[in-house]
Amino acid sequence: MPDTGAEARAKLVRRVILDTSIAAVVVIGMGVARGVYSNELMLFNFVMFLALAQGLNIIYGFTGYLPFGYVGFYGAGAYGFSLVVMHLHASALVGMAAAAVAALVLAVILLPLLRLSGAYFAIASMAAAQAVYEVVANPDLENITKGPYGVSLSDVFAPAFSYYIALAILAFTLLLVVWLRNSRFGMSLQAIRDDSVSAAMAGVSVVRGRTIAWLLSALVAGLVGGVFAWHISVFYPDTAFDLNISIFATVFLLFGGATTLCGPLLGVFILYGIYNVIGIAVPQYFEFTYGALIVLLVLFLPNGLVSLLTNRGIRVP
Amino acid sequence: MWRRRGWRAFARHDDEGILDDQGTLHDDTNMLTGAIIAGVVFGLYYTLVGLGLNLVFGVMRIVNLAHGDFLMLGGIAAWFLFTSLGLHPLVSAGLVVVVFVLIGLPIYYLVVPRLLRSRDSEMLSLILFFGVSQMIEAVTTIGLGSTERSLPPRLLGVGPVILFGTRLPKAWIFSAIASAVAVLLVYLYLYRTRLGTLTRAVMVSRDEALATGIDVNFVSAVAFGISLALAGVAGVFAPFILGSITPNMGVAINITAFAVIVVGTLGNPLGTLLGGIIYGVSLMLMQTYLSSWANLLPNLLLIAVLLVRPEGIFGRKVRRA
């Protein structure tokens with residue numbers, strides 16, 4: 001029996017409350033963890049990957065575009081932050097705004113890539129990220145970007161404050177995903193992903209939808225990159241544009257299950273947790289394990305962990 | 001993991017003839033022809049690098065993102081056979097072809113048929129072969145460490161060859177000739193053998209080929225094996241052209257190979273030759289005149305061609321990009 005308007009609204013409200021409380025538990029949990037557990041850098045990396053995996057979820061889960069070069073926005077954010085802080089001696093919060101602007105500008109420049117699809121989009125975005133890296137790391141630009149020799153931002157170093165800003169970015173990202181999962185706009189994005197022609201005929205603006213998702217996703221990565229630069233305060237272009245960042249985020253997302261709120265969270269907690277147990281000492285063992293895991297996932301569980309439940313008709317937040 | 005090595009040294013190939021005491025140029029035409037000739041020589045090698053990737057894409061519509069890692073394995077094999085048994089790279093190349101074809105067949109049957117049944121096999125192939133690439137890289141690093149390995153260039157002849165007034169190392173000419181022979185053999189296979197004709201039938205339409213009674217899986221498996229063999233042979237010559245072999249070189253090689261085959265039309269193995277030469281010549285021009293920006297080239301070329309002419313230079317409008 002179809003829901004009446006009031007019932008549907010009540011159901012929607014219950015869903016939003018459930019999703020939001022999951023997001024709140026994660027954010028508060030990561031905040032409390034900082035007081036309890038002393039390895040702050042590891043916790044910070046968890047927060048970063050939680051946000052990055054969800055940022056990738058916005059573009060991949062809701063529109064089907066998988067940017068292998070997602071790290072390009074992260075690197076752009078890190079360097080947007082660093083350039084403003086280094087050259088204009090701006091405060092860290094101004095730097096964060098610059099990080100957001102840098103990632104958004106790059107996203108606008110790369111908008112034409114959305115004309116490509118599937119593998120072509122993935123590879124082209126990877127090439128774009130590498131192109132940005134080659135520019136930033138170019139020894140000819142040493143006066144501006146410090147080239148391959150890396151940046152040092154000791155003036156604004158503030159590990160505690162930047163950790164909480166990272167948490168705020170995570171909260172913002174999780175709320176974006178909650179909004180996309182429960183809003184008309186998010187539904188229209190999924191309709192575009194599944195069948196763009198039909199969606200267009202039903203009056204959904206395909207280009208507008210994809211553009212907004214792309215910009216939001218880039219914004220998240222740029223903010224995370226900016227807060228990374230702030231928190232770490234000494235880094236090299238090789239670290240800020242490390243392709244492994246894209247790959248980790250992608251694997252965490254796919255492992256858990258795209259389009260859901262819990263999937264990417266599970267992916268990060270499980271896989272990045274394992275990485276921190278076995279991967280730090282001998283990264284190759286982890287590299288081998290996650291390589292094998294990707295192969296098995298694609299072959300046997302292409303929709304992620306949550307599909308074990310969703311295939312049985314259980315809704316996963 | 002992004003770095004390419006060894007090419008930069010090349011831009012100074014002719015410095016006695018070109019640079020005077022102040023380091024300024026005094027013979028522009030010589031430098032230009034030098035760059036173009038070296039570009040063609042390198043282009044032949046890049047054709048070999050991209051050819052296998054393109055063959056797999058043409059036949060199976062999947063992207064083997066581990067292509068660069070199989071190339072690396074070919075290079076490691078050549079290094080190992082030389083240092084332990086003293087085998088000449090040409091002998092190693094022959095061995096690599098046989099072994100890699102034999103490795104390719106089981107990999108195909110294990111992975112590809114299941115992948116092709118999935119909802120979006122082209123996209124998922126990227127992720128899957130990325131996993132394969134990680135496994136190869138990890139195993140190689142665990143087994144051999146991450147040091148650079150190279151082979152002495154004198155193995156392929158001593159002294160320069162003078163080609164239209166440009167001096168090039170014999171090892172380059174040798175590698176280019178070997179690449180050209182490999183490309184020719186692939187052409188002969190595709191156009192002069194029965195299995196090759198069947199392969200082209202599968203390229204045109206997998207479903208129709210299946211309906212005609214062609215053993216599509218066997219044809220594809222052989223194509224997959226040949227593709228790995230081509231990567232392996234390219235790897236054998238990589239120490240001479242790229243300078244050295246490292247376990248993590250795969251990603252950079254993949255971007256290069258992808259740029260080459262996109263420029264020269266995806267799914268058209270012979271277009272790869274044109275793509276390779278365009279790529280080689282533009283790379284050498286960049287290294288000669290704008291050397292610190294040369295690493296940007298494969299990326300920009302790739303993006304530009306995808307956006308402006310996604311079907312490639314020889315392409316018909318058959319694919320949706």
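Visitor: Where in chain A is K146(A) found?
Guide: K146(A) sits in the loop between helix 6 (142–145) and strand 1 (151–152) of chain A. Keep in mind that this is a predicted model.

Visitor: Why does K146(A) count as buried?
Guide: The cut-off for buried is 20 or more other C-beta atoms within 10 Å. K146(A) has 20 C-beta neighbours inside 10 Å, so K146(A) counts as buried.

Visitor: What is the phi of K146(A)?
Guide: Phi is near 70°. That is a positive value in a residue other than glycine. Most residues other than glycine have a negative phi.

Visitor: Which value of phi does H89(A) have?
Guide: About 50°, again positive, although H89(A) is not a glycine. H89(A) belongs to the loop between helix 3 and helix 4 (92–109) of chain A.

Visitor: Is H89(A) buried or exposed, and what makes it count that way?
Guide: H89(A) has 10 other C-beta atoms within 10 Å. Exposed means 12 or fewer. H89(A) is therefore exposed.

Visitor: Why is Y79(A) called buried?
Guide: Y79(A) has 30 other C-beta atoms within 10 Å. The cut-off is 20 or more, so Y79(A) is buried. Y79(A) lies in helix 3 (residues 71–88) of chain A.

Visitor: Which residues is Y79(A) in contact with, leaving aside its neighbours within four places in sequence?
Guide: They are A102(A), V136(A), T145(A) and A240(A). A contact requires C-beta atoms within 7 Å. Look at G226(A) too: it is 147 residues from Y79(A) along the chain, yet their C-alpha atoms are separated by 7.4 Å.

Visitor: What makes A122(A) a buried residue?
Guide: A122(A) has 28 other C-beta atoms within 10 Å. A122(A) is part of helix 5 (residues 118–136) of chain A.

Visitor: What does A122(A) touch, apart from neighbours within four places in sequence?
Guide: A122(A) is in contact with L66(A), P67(A) and F68(A), and with L126(B) of chain B. V156(A) is another matter: it is 34 residues along the chain from A122(A), and the two C-alpha atoms are separated by 35 Å.

Visitor: How do you know whether chain A agrees with a compact globule?
Guide: With 317 residues, a compact globule would have a radius of gyration near 20 Å. Chain A has 20 Å, so the two agree. Along its principal axes, the C-alpha trace spans about 65 × 45 × 40 Å.

Visitor: How many helices and strands do the chains have?
Guide: Chain A has 15 helices and two strands. Chain B has 13 helices and two strands.

Visitor: What share of the contacts in chain A joins residues at least 24 apart?
Guide: Counting contacts between residues at least 6 apart in sequence, 77%.

Visitor: How many residues of the two chains are in contact?
Guide: 38 residues of chain B meet 34 residues of chain A. Helix 6 of chain B gives the largest share of chain B's side, 16 residues. That side divides into 27 nonpolar, seven polar and four charged residues.

Visitor: Which residues touch the most other members of the largest nonpolar core?
Guide: A103(A), A124(A), V224(A) and F252(A), in a core of 226 residues. Helix 10 (residues 216–241) of chain B gives the most to this core, 18 residues. Outside four places in sequence, V224(A) touches M48(A), A51(A), L52(A), Y74(A), G77(A) and I169(A).

Visitor: What kind of crossing do helix 11 and helix 13 of chain B make?
Guide: Helix 11 of chain B passes helix 13 of chain B in a left-handed crossing. Their axes come within 9 Å and cross at roughly 35°. Among the contact residues are F258(B) of helix 11 and L302(B) of helix 13. This contact divides into 10 nonpolar, two polar and no charged residues.

Technical notes
Residues are numbered from 1 along each chain as its sequence is written. Chains are lettered from A and ligands numbered from 1 in the order in which they are written. This is a predicted model: local features need pLDDT of at least 70, side-chain atom pairs count only at pLDDT 80 or more; totals for chains, interfaces and linings use all residues. Helices (H or I, at least four residues) and strands (E, at least two) are DSSP runs, numbered from the N terminus. The radius of gyration is taken over C-alpha atoms; the globule rule is 2.2 Å times the number of residues to the power 0.38. Ala, Val, Leu, Ile, Met, Phe, Trp, Tyr, Cys and Pro count as nonpolar, Asp, Glu, Lys and Arg as charged, and the others, Gly among them, as polar. A nonpolar core is a set of buried Ala, Val, Leu, Ile, Met, Phe, Trp, Tyr and Cys residues joined through C-beta atoms within 7 Å. Axes are lines fitted to C-alpha atoms, for helices over the stretch in contact, and angles run from 0 to 180 degrees between N-to-C directions. A crossing is left-handed if the near helix is turned anticlockwise from the far one by less than a right angle, and right-handed if clockwise.
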